[in-house]
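Please look through the sequence and the structure below before reading on.

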Amino acid sequence: MKKILLLLTLSMMCTVSYSQKKKPVKKPVAATIALTKADNLSAEIVRNRFCVFVTNGKAKDSLFSRPFDPAKTQPMDAKITPFKAKGVQLYAISWTQKNISQSTLKNEEATTTFTEIWDASAMKQIIANNQVTTKVSEIVYLDKNKTVSETQQKMRREGFELTITPEGDIILKNKTQENRMTYDPTQQKFISAAPAPKKKK
C-alpha cells in the first residue's frame with residue numbers, strides 16, 4: 001500500500017504539463033463613431049479622422065475627411081445644416097475642437113469652430129471658415145516681490161464668425177468687419193453682396 005501511495009505521489013510530481021502556445025492578440029480596430037446626419041449626409045469619426053459621407057442608394061462615398069490628434073482634441077458638436085442659396089441645395093457642415101494648454105501661471109482653452117459649405121450633388125466645397133475662441137485665465141502678480149496676485153480672465157477671438165441668413169447668404173463677422181456674401185450659381189461660389197442702398201432722408 002505504501003508503495004502504491006509513493007508511486008502515485010511521484011507520478012503527480014513528475015507530471016509534465018504542456019502549455020499551449022498563446023495566440024497573438026489582435027489589436028482592436030478603432031470603432032466608427034456616428035456623430036450626426038441630415039438628408040443623405042452623415043458625419044462620423046473614423047480612425048482619428050472627422051469624415052462626412054454621402055449615401056446614394058447602397059453607395060456610400062466620402063465627401064471629405066479631416067485628421068485630428070486624439071491625444072490633444074476630439075471633434076464635438078457636429079452639425080449638418082441643409083439650406084438653399086439661389087435655388088441650389090447646399091450644406092453647412094460644422095464642428096468644434098478644443099485644445100487646452102496649461103502652465104503654472106496661465107491656462108488657455110482654445111475652441112476652434114470649423115464650418116465648411118458644400119454642394120453635395122457636385123461633391124464640391126464652396127467655402128471653408130475657421131474661428132478660434134480662446135479663454136485665458138492668468139495669475140498676475142501685483143507687486144515686485146510676487147506676494148500679492150490676482151487671477152485675470154480674458155477672451156480672445158481670431159478669424160470670422162460665419163452665419164447663414166434665411167435668404168441663403170452668409171455673413172462673416174469679427175470686431176472690425178462684417179462682410180455679406182451671396183451665392184453665384186454660375187461660378188459656384190460666394191461673392192461679395194452689393195451694399196444695401198442708403199435710405200433717402
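## A residue to begin with

Does Phe-50 count as buried or exposed? Phe-50 counts as buried, because its relative accessibility is 0%, where buried means under 20% relative accessible area and exposed means over 50%, with partly exposed in between (1.4 Å probe, protein chains only).

This is a predicted model, in which local features need pLDDT of at least 70 and side-chain atom pairs count only at pLDDT 80 or more, while totals for chains, interfaces and linings use all residues. Residues are numbered from 1 along each chain as its sequence is written, and side-chain values use heavy atoms, with hydrogens and water left out.

## The four-stranded sheet

An open sheet of 4 strands has the order S1-S2-S3-S4, with antiparallel pairing; strands are DSSP runs (E, at least two residues), numbered from the N terminus, and two of them pair if DSSP finds at least two bridges between them. The edge strands, each pairing on one side only, are S1 (33–38) and S4 (59–67).

Strand S1 and strand S2 (residues 41–45) are antiparallel and are paired over 5 bridges, and Ala-34 has Glu-44 in S2 as its bridge partner. These two strands, S1 and S2, form a hairpin with 2 residues between them, and Asp-39 in the turn has a positive phi of about 55°. Further along, strand S3 (residues 49–56) is joined to S4 by 8 bridges, again in the antiparallel sense, and Val-52 stands opposite Phe-64 in S4.

## Aromatic rings

A pair of aromatic rings is described by the distance of the centres and the angle of the planes. Rings of Phe, Tyr and Trp (its six-membered ring) pair if their centres lie within 6.5 Å, and planes under 30 degrees apart count as stacked, over 60 as edge-to-face and the rest as tilted. By this rule there are 6 aromatic pairs, one of which is the tilted pair of Phe-50 and Phe-64, with 6.4 Å from centre to centre and 40° between the planes. Phe-50 lies in strand S3 and Phe-64 in strand S4, so this pair ties together parts that are 14 residues apart in sequence.

Phe-64 also counts as buried, because its relative accessibility is 4%. Ring pairs link Phe-50 and Phe-64 with Trp-95, Phe-114 and Trp-118 into a cluster.

## Around Asn-129

Asn-129 is found in strand S8 (residues 124–141) and, at 11% relative accessibility, counts as buried. A polar atom of the Asn-129 side chain lies 2.8 Å from the backbone oxygen of Phe-160.

Definitions and conventions
A polar contact is a pair of N or O atoms within 3.5 Å; within protein, one must be able to donate a hydrogen and the other to accept it, and residues adjacent in sequence count only if both atoms are side-chain atoms.
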